[in-house]
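Here is a short briefing on aromatic rings and what surrounds them. Have a look at the model below, then read on.

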Amino acid sequence: MLDRRGFLCAAAAAPLLAASRARAADWPTRPVRLIIPFTPAGATDVIGRLLANRLSEVWGQQVIVENKPGAGANIGSEAAARAEPDGYTLVIMSVPLAVNRFLYASLSYDPVKDFAPVSLLVLQPNIMAASNVLPVKSVAEFIAYCKANEGKVSYASSGNGTSLHLCGELFKRMSGVQMTHIPYRGAAPAMNDVIPGRVDIIFDNVSSILPHVRSGSVRGLAATTARRIRAAPELPTIAEAGVPGFDVSSWFALYAPARTPPDILARVNRDTVAALQHAAVKPRLEDLGAEIVGSTPEALAAHLQAEMDKWGPVIRDARIRIDN
C-alpha cells in the first residue's frame, strides 16, 4: 500500500513513463543516424551499411551512415557518446571500444558508462598466414622456427594498437616466442610486404586475407578462433595446432548513447537481430566470413567486459601506448 510520499512519486513518474512509451511507439518519425568510426569500404563500414539498408526498410525511415574515422575510432566514438540519447543516433563499435582505454593516456568518453549496448552483431575470425619464403607449413613449425631464429622473425599489422597487432602480441605471450612487430598504415600495405617475404607473418581478418591464401600468394597456417571457420574449414585453429586456449575474433556491435529510452533500445535490438537473419543480409555477411550472433544487450555487455579482461594485461605487458 502506498503512503502519501509513494503516491506522489508514482503520480509524478506516471506521465514520464507514459511519454516514454508513446515516444517508443511512434519512433522513428525521422531519419536515424548510424555512426561508423572507421573509413568507408572497411569491414565495419560494409557490415554497417548492410544493416542500415535493412533497418531503413523495416522502419520506413532512412538510416543514414556517417563515417567518422580517426584517432583509433575515438573521434566517432566521442561523437556517439555526446549525441542526444533520443534513439536517433546509433553507432557500430568494434575492438577499439575494449582496448582504447588501455592504449591511450586519456579518453574523452567512458566505453562502458557512455554507451547503451544493443546487440553483438557478428564475429569475424583472423587467419595466421606466412610468407611463402618462410620455410614453415604449420603453427608448430613456425614456433620451432622462431625459437631457432630468435630476434630474426617479424610480423606485420595494420598499425599500433590495432586488432592485428594485439593478435600477434597475444600469440607471442601464449606461445613463448619472440617476434618483432612491424606496423603499417593499414592491412593492405602490410600484406604487400608479407607476400614477397620482407615481413614473415601476419594475423589478418578473414575477409581481407582469404583471397591471398586461396591464390597461394601467402600460406595460411591457422585460424585464430577456438573453432575452425566455415570459410576455410581446412585450416586448423591455433589452439589445436599447438597453442591451447588461443581464441581471437574481430567483433562488431551496435550501441546507442547512454540514457536512450529502454523501449527504443528494445525495439532496435529486436529489429536488428531479425535483420541479421534476413535473406538480403545473412548471405552477404557469411560471404565476408562472419559468424552471425545477434545477441541480447546483456550478452554484449558481458562480451565487452571479457574483451577488456583479455586485452588489458596484453597491452600493459607489451607496453603498447598511443599518443593522444
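Phenylalanine 171 counts as buried because its relative accessibility is 0%, where buried means under 20% relative accessible area with a 1.4 Å probe and protein chains only. Please keep in mind that this is a predicted model, in which local features need pLDDT of at least 70, side-chain atom pairs count only at pLDDT 80 or more, and totals for chains, interfaces and linings use all residues. Residues are numbered from 1 along each chain as its sequence is written, and side-chain values use heavy atoms, leaving out hydrogens and water.

**Rings around phenylalanine 171**
- The structure holds 8 aromatic pairs, meaning rings of Phe, Tyr and Trp (its six-membered ring) with centres within 6.5 Å; planes under 30 degrees apart count as stacked, over 60 as edge-to-face and the rest as tilted.
- Phenylalanine 171 and phenylalanine 203 make a tilted pair, because their centres are 5.6 Å apart and their planes stand at 50 degrees.
- This pair links distant parts of the chain, 32 residues apart: phenylalanine 171 is in helix H6 (residues 163-175) and phenylalanine 203 in strand S7 (residues 201-205); helices (H or I, at least four residues) and strands (E, at least two) are DSSP runs, numbered from the N terminus.
- Phenylalanine 203 is also buried, at a relative accessible area of 0%.
- With phenylalanine 246, phenylalanine 171 forms an edge-to-face pair, 6.2 Å centre to centre with 75 degrees between the planes.
- Phenylalanine 246 sits in the loop between strand S8 (219-223) and strand S9 (249-257), 75 residues apart from phenylalanine 171, and both are buried.

- Phe142, Tyr155, Phe171, Phe203 and Phe246 form one aromatic cluster.

Notes. Buried means under 20% relative accessible area, exposed over 50%, partly exposed in between (1.4 Å probe, protein chains only).
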